Amino acid sequence: MNAMRNKFVEDGVTILGQDAISGYSTFQLGQFKFSRDEYFAKITWQAKGQEYSHLMSADAFLRALMRDVAWGFFYGWVNFDHVIGTQNHYGSVDLYAGTFNGVLKAAGVDYVENFETPLIMATFKAILHDWVSEGFDPFAAPEETGSAFGRKQGDNPDAIERYRIATKRMPGLPDDSPLRDDFPVNRQFEDVAQDDPLVHCEPGFEGQLSGFNLFKYLSRSDVTWNPSVTSVCKQSLFCPTTEEYILPVFHGNDRVEWFLQLSDEITWDIGDKVDGSPIARVIMKAGDIAAMPANIRHQGYSTKRSMLLVWENATPHLPERYASGELAPYPVQF
């Protein structure tokens, strides 16, 4: 752990010290300070010449932080909750407190600071390495992992070093991502067929045509709420994932995002992207398709582990086109 700490310090991470009782370190990033105890993560910032702070349950904070790191700050906004979050500018990242909370914004006690992506990424990774104890996996469903609470007990680098799989074409093709066939089938997908398709190529086309059982692939996923890119066609990305319990963040879109429910059911709470006020509740069952507009934030709930296909448009400069009003925030006007 000391070697890892030294590496993060070399990357510009500011570590203020270690709590003698809990064993957790405190981190500084610009004017933000991150500390935790046995139960809560505390985020502190300055506004109006005073210090303000926000508490999050340690497990909720670490699950949200894990997604922000694994997704590379993703498309648009990653709201850890109704106060704390990040906005990706694709080269730099805003870290904010209350900026997209209507009440805190109106009171003038919000704060936002921009950081170069490598610095905020290194800081967030350092927090994960220090605050995730042995046995706790912030990527897994609660039933599949230990507790995030209590004093520091060891660490779990294997769990937090998994990142979002991003294929160049599709898994299984030469020089692309592996198919996970050696992963065990998840406990909630034991009824999923494990047979593979037969692919017959004309001579001379070997390595150019392939196929795989997507349900089999997803049934062996050891993470939740972590879209993995499984097919790439120009700027069109298919990003399926398995979902259980609660999406740890409110994702704020900077482009339209399409959802295809492959199995079971997810309930989505939809809110305004800017102030968080509620807009709708959407219940998606197997076979349903929904567009998440570019002006909303959303959080999902899945009682049974389910499969969801997220279709992303990675066309460059889309955020600017939506922000300027050139493109409507929704794909269809009725």
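A salt bridge is counted here where a side-chain nitrogen of Lys or Arg lies within 4 Å of a carboxyl oxygen of Asp or Glu. By that criterion, Glu143, Glu144, Arg187, Glu244 and Arg305 are linked in a network of salt bridges. The structure is a predicted model, and a search through the whole of it returns 17 salt bridges.

One link of this kind joins Arg187 to Glu143, with 3.4 Å between the closest N and O atoms. The two residues are 44 apart and bring together distant parts of the chain: Arg187 sits in the loop between α5 (157–160) and α6 (214–219), and Glu143 in the loop between α4 (117–131) and α5. Arg187 counts as partly exposed because its relative accessibility of 29% falls between the limits of 20% and 50%. Glu143, with a relative accessible area of 62%, is exposed.

Another bridge connects Lys304 with Asp264, at 3.8 Å from N to O. Here too distant parts of the chain are linked, since Lys304 belongs to strand β17 (residues 296–313) and Asp264 to the loop between β13 (257–261) and β14 (265–272), 40 residues apart. Both partners are partly exposed, Lys304 at 33% relative accessibility and Asp264 at 30%. A further bridge pairs Lys7 with Asp11, whose closest N and O atoms are 2.7 Å apart. Lys7 is partly exposed, with a relative accessible area of 40%, and Asp11 is partly exposed as well, at 34%.

Turning to the sheets, 5 strands form an open antiparallel sheet in the order β1-β2-β3-β4-β5. Its edges are β1 (14–18) and β5 (50–57), each of which pairs on one side only. Direction ignored, neighbouring strands of this sheet are turned against each other by 20 degrees on average. Strand β1 is joined to β2 (residues 25–29) by 4 bridges in the antiparallel sense, and within this pairing Ile15 has Phe27 of β2 as its bridge partner. Helix α2 (residues 58–70) packs on the sheet, where it touches β3 (32–36), β4 (40–47) and β5; the direction of α2 makes about 90 degrees with that of β5.

Elsewhere, β13 and β16 pair in the antiparallel sense over 4 bridges. Trp258 has Ala291 of β16 as its bridge partner. Strand β16 (residues 289–292) has two faces: Ala290 and Met292 make up the covered one, while Ile289 and Ala291 make up the uncovered one.

What of the interior? The largest nonpolar core comprises 61 residues, and those with the most contacts inside it are Phe34, Phe61, Phe80, Phe124, Trp131 and Trp268. Helix α4 gives the most to this core, contributing 8 residues. For Trp268, with its neighbours within four places in sequence left aside, the contacts include Trp225, Leu247, Phe259, Val282, Met284 and Leu308. Met292, named above on the covered face of β16, is also one of the contacts of Trp268. A second, separate core holds 10 residues, among them Met170, Leu173, Phe189 and Leu309.

Aromatic side chains give a further view of the fold. The structure holds 19 aromatic pairs. The rings of Phe73 and Phe124 have centres 6.1 Å apart and planes at 50 degrees, so this pair is tilted. Phe73 lies in the loop between α2 and β6 (77–79) and Phe124 in helix α4, so that distant parts of the chain, 51 residues apart, are linked by the pair. Phe73 and Phe124 are both buried. A second tilted pair is formed by Trp258 and Trp311, with 6.3 Å from centre to centre and 40 degrees between the planes. Because Trp258 is in strand β13 and Trp311 in strand β17, this pair ties together parts that are 53 residues apart in sequence. In contrast to the buried Phe73 and Phe124, Trp258 is partly exposed, with a relative accessible area of 29%, and Trp311 is partly exposed at 39%.

Finally, Phe27, Phe34, Phe61, Phe73, Phe80, Phe124 and Trp131 form one aromatic cluster.

Definitions and conventions:
Residues are numbered from 1 along each chain as its sequence is written. This is a predicted model: local features need pLDDT of at least 70, side-chain atom pairs count only at pLDDT 80 or more; totals for chains, interfaces and linings use all residues. Side-chain values use heavy atoms; hydrogens and water are left out. Buried means under 20% relative accessible area, exposed over 50%, partly exposed in between (1.4 Å probe, protein chains only). A nonpolar core is a set of buried Ala, Val, Leu, Ile, Met, Phe, Trp, Tyr and Cys residues joined through side-chain atoms within 4.5 Å. Contact means heavy atoms within 4.5 Å. Two strands pair if DSSP finds at least two bridges between them. Axes are lines fitted to C-alpha atoms, for helices over the stretch in contact, and angles run from 0 to 180 degrees between N-to-C directions. Rings of Phe, Tyr and Trp (its six-membered ring) pair if their centres lie within 6.5 Å; planes under 30 degrees apart count as stacked, over 60 as edge-to-face and the rest as tilted.
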